[in-house]
Amino acid sequence: MTAAFEHGVPKPDACLALRRPIARVMRRPLGIIRHGARRATILRAASACAAFLAPVLCAAQPGPDRRPSLAHREARAFDFEEIDTNPAPVPVYWVRAQDSPQAGRDRPGFPIWNAAELDDTTAHTGSGSVRLPTRGGSTSLLLERGVLPVFQRADYVVAGYVRTEGLVHARARIVARFLDSAGQVVKGSERPSDLVRSDSTWTQIRAEIPGDFDDASFLQIELQLLQPQQFVPRELGARQVFQEDFSGAAWFDDITVSQLPRIEISTPAPANIFVAPTAPDINYLVRDLTGEKLVAEVAVFDSQGTVVDRQSRPLTSGRTLASWRPKISALGWYRATLTVRADANVLARSYVDFLWRQNADPSVDPSIGRELAGTFTDWRRFELIATDPHDQLQSVLPDLVDRTGVGAVTVPVWEGLLQTPYSADPSTPPSLVTRLLDRGRQVTLSMPRVPRELAEAARVDPDDPWELARRGPELWSPYLDRYLDRFGQSIRRWEVGPPWDDRVFWDADRKRTLSSVVRVFERLVPGPILCVPWRTDLAISPAMLDQLPRDSSLRILLPRDMPATAISSVAAALGIGPEATTPPLKALSRLGDYAIVLDCRPDDRHSGRETAADAARRIVEFWRVFGHDPRASVAVLEPWEWTPEQRTKVCPGPQLGVLATLLPRLAGRRFVGELPAAPGQRALVFAPDGDLDSTDQGLVIAWNEKGDMSTNFRAYLGASDIKAFDIFSNPLDQSDSPGAALRITRLAPGRTPEVVMKLTDEPVIIEGVDPRLALFQASVRIDPPVIEASDGSHEHAVVLSNPWPVPIEVKVRVVKPGGVEEPDSRRDRSWRVSPRQARIIVDPGKNERIPIEFSFSPGEEAGIKEFVLDVDAASDQALGSLRIYRDVELGSSMLDVQLSAKVDRSQNVVVEAYVSNRGKQPLDLQLTAFAPTQARQRSVMTNLQPGAVAVRTFHYDRSVQLRGQRVYVTVEDVGGSTRLNKAIVIE
């Protein structure tokens with residue numbers, strides 16, 4: 001029963017709220033008191049009046065089906081078919097809500113000259129609609145108070161159709177809100193539809209409003225045509241200029257108000273994160289007052305959008321509360337959806353995202369392999385950053401931190417989370433910061449925004465706290481002092497501005513601004529650490545670092561649209577990391593620490609799996625570059641979202657699952673090298689604290705950046721129990737079958753087992769690695785890696801190094817090219833290699849070269865050539881017997897040849913050879929083309945200058961038989977020994 005009624009009789013306060021609209025209607029001629037379909041008689045007008053009075057005065061009276069009239073699915077409809085019976089310019093029960101200080105309505109941006117009106121020139125159905133025009137500024141049409149009483153705790157949807165014309169910048173929408181029994185707006189109840197520009201087309205829009213407000217008595221609808229000033233974020237504050245339309249209109253029609261089933265879907269896990277071995281459960285609630293036959297369908301989707309399990313059940317009228325354990329076999333990120341249908345129509349839909357992650361305790365999950373959970377200081381180098389002070393963050397954030405395992409967290413202050421003054425009452429629940437500190441977390445308090453009250457007083461943009469800082473500490477210290485006084489003794493780290501803020505970079509007086517901020521903190525915080533936001537696309541120089549306060553923290557954001565390789569660029573600018581070519585910047589010593597901030601906020605453009613894989617590559621790349629520096633940390637920016645639906649809940653992102661997987665495996669380990677792999681493949685080797693003595697405690701993380709799965713990843717990683725896991729810690733299928741995700745094979749008895757895998761862009765975690773054996777394998781290469789395509793012998797070397805602490809004896813045999821790769825295969829006589837076998841002693845930590853000499857036939861095609869080496873290493877025991885594959889390019893430093901081919905309409909084959917001179921001297925060249933069953937063709941190029949490109953064409957008339965065949969083109973240096981052979985397949 002609605003809050004406006006008690007025992008079927010209107011409450012006194014409800015009567016007061018309704019008196020004005022009812023009296024206004026009763027004073028009108030009967031012929032205009034109506035809404036809905038067109039009425040032409042006084043009797044129909046009277047019926048319209050009765051239709052208005054019935055829901056207001058008799059909402060609780062049973063209808064013909066013995067249910068209250070408001071309990072029907074459709075509670076009210078407005079079709080605006082009243083142009084012939086309503087002399088007023090606006091529909092009955094609706095008013096123009098424009099700016100009118102004389103009438104007590106202060107509404108800037110809604111000028112009085114924009115007047116909504118009934119219109120019979122266009123309609124979605126019937127012949128009438130309502131038109132909201134603009135001549136500059138926004139336009140509004142508002143349903144009067146008291147027209148739509150509602151049930152308490154019931155959910156509603158306001159739906160309708162909109163059509164626009166002549167709008168470029170402006171948009172149209174519906175807004176729904178609850179009113180209390182006095183006709184006042186219930187705080188926080190307003191819900192808008194999407195903003196729409198629908199040129200000459202009727203488009204349906206809807207605004208759902210949850211019944212989570214105990215004082216809701218009525219529902220109010222507002223139709224709006226909005227200029228950008230009303231909906232575009234003010235990124236530039238008062239300086240922002242908005243474009244707007246000075247002509248155009250929006251039409252609304254068939255506005256309906258329907259009661260929705262109240263639905264909720266949730267999980268019992270804190271922050272919706274389950275930790276194995278606890279299996280995920282789904283709870284859902286459906287409450288409906290209409291008595292219709294409904295069906296509830298619950299489905300669980302994995303990170304690739306595939307349905308994992310589904311349940312469907314009929315619902316009884318009233319309230320249904322159920323729990324369901326879906327059949328989920330793999331750890332990971334999932335979305336559970338709840339859909340309620342009546343027949344084939346979807347009435348309501350909701351969802352919740354949840355994670356099922358591994359337990360980081362080695363006693364529970366042996367795949368971790370070491371005591372990494374919380375025993376290394378590295379855990380504080382993994383951080384979560386919150387910037388949105390959501391009202392539920394205070395209760396959820398500690399669980400997000402605990403269940404992810406990170407050791408640091410950034411919390412926003414001022415608006416939302418910490419506004420409640422500190423209470424000494426022991427019965428008062430501990431604050432969010434206290435709960436995080438009690439858990440041993442390093443806490444940073446951030447001020448991403450200026451409190452609105454302070455922003456208005458200081459006349460600054462709320463999104464620009466740095467502008468406030470430049471004004472001086474006397475403006476904002478009164479607002480900050482209570483936090484400094486409360487937390488200044490336990491928290492030293494403070495951040496001004498959001499992580500994506502680049503205003504510090506553009507501040508011409510940066511040093512003064514930062515010093516001013518530090519002085520505010522120094523009054524109540526001993527040794528404050530100021531965290532300064534930066535970006536990877538902004539320059540980092542010694543002069544910039546010198547302007548930062550001593551012991552400050554530089555937090556460098558890596559945006560989502562920038563590749564992970566930008567992390568290496570940051571390291572190069574600082575002079576650190578594996579690729580550093582210069583010493584570390586001296587100014588770097590001024591910093592207390594620094595962080596790479598990964599922007600992992602939700603992105604609907606990618607699947608959950610793609611998002612997780614991208615986050616994994618970024619975290620691993622950070623640890624490769626900065627893992628050795630204890631001052632460096634990685635911070636993940638809000639890897640969660642809040643459902644925009646009726647009941648807000650936190651939805652952990654797949655990035656959180658990746659972070660929970662990688663943290664216990666990377667913590668305590670350091671990057672020691674990278675394995676050579678096929679183009680696009682990467683395989684990074686990590687060892688405990690960089691120590692190579694642990695023969696089974698190494699880690700390899702490998703992926704394919706190009707997504708080409710045609711070439712297997714092959715590596716020798718040790719003789720121990722090798723195991724592989726995906727980014728959510730699920731063990732990969734391991735067997736000797738060709739289709740297995742991980743194959744471990746032995747080519748011969750006594751040979752070290754070889755790991756063979758198909759790699760995608762999703763990183764694979766390989767545990768149980770012998771880091772010394774991996775590094776020894778990585779060191780073996782052919783030097784130089786390019787063979788000149790010329791006649792005669794070519795001198796190269798097999799290069800290798802000894803990562804063991806003792807001298808080793810190494811035997812090397814060149815199997816391919818020019819040898820016998822398998823016992824039953826024939827010898828390749830197109831290559832000659834000398835010596836084919838060699839033996840050498842390598843001292844600890846030393847590199848050695850084994851000279852080899854080879855030649856090849858004149859017809860050898862240029863391109864990548866695979867060298868296969870059998871390498872045995874031993875000291876007082878066998879260390880490894882490996883078959884190593886290395887790619888060497890056969891090409892020319894003087895010439896480059898590119899071929900193209902086409903078949904014209906007459907079935908003639910045309911082959912074009914593009915020849916470029918990459919040397920320093922002019923060249924005289926001869927080109928010869930060879931095609932099956934065709935006569936050879938020759939052409940010459942004389943005096944081809946350095947850097948020049950020339951083209952020669954070879955024609956084969958009506959040569960259909962060449963389709964699918966290879967055509968060879970040989971380019972020879974007339975005055976030298978270079979001979980470059982290229983081939984192309986005729987498509």
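Which residues make the nonpolar surface patch of about 250 Å²? The patch is made by Y914, V949 and V951. Patches of this kind consist of residues with over 30% relative accessible area and no salt bridge, in which like charges are joined within 9 Å and nonpolar side chains (Val, Leu, Ile, Met, Phe, Trp, Tyr) within 5 Å. Accessible areas come from the Shrake-Rupley method with a 1.4 Å probe, and for residues only the protein chains shown count as cover.

The model is predicted, so local features need pLDDT of at least 70 and side-chain atom pairs count only at pLDDT 80 or more, while totals for chains, interfaces and linings use all residues. Residues are numbered from 1 along each chain as its sequence is written, and side-chain values use heavy atoms, with hydrogens and water left out.

Y914 counts as partly exposed because its relative accessibility is 33%; buried means under 20% relative accessible area, exposed over 50%, and partly exposed in between (1.4 Å probe, protein chains only).

Attention now turns to charged side chains. The structure holds 47 salt bridges, each defined as a side-chain nitrogen of Lys or Arg within 4 Å of a carboxyl oxygen of Asp or Glu. One of them joins R665 and E767, with an N to O distance of 3.1 Å. Because R665 lies in helix α13 (residues 654–666) and E767 in strand β39 (residues 764–769), this pair ties together parts that are 102 residues apart in sequence. R665 is buried, at a relative accessible area of 1%, and E767 is buried as well, at 7%.

A second salt bridge is formed by the side chains of R177 and E190, at 2.9 Å from N to O. This pair links distant parts of the chain, 13 residues apart: R177 is in strand β9 (residues 171–179), and E190 is in the loop between β9 and β10 (191–192). R177 counts as buried because its relative accessibility is 7%, whereas E190, at 40%, counts as partly exposed.

In the salt bridge between R206 and E208, the closest N and O atoms are 2.8 Å apart. R206 is partly exposed, with 39% relative accessibility, and E208 is partly exposed with a relative accessible area of 32%.

Salt bridges also occur as a network, which links E579, E621, R624, E674, R682 and E705.

How values were computed. Helices (H or I, at least four residues) and strands (E, at least two) are DSSP runs, numbered from the N terminus.
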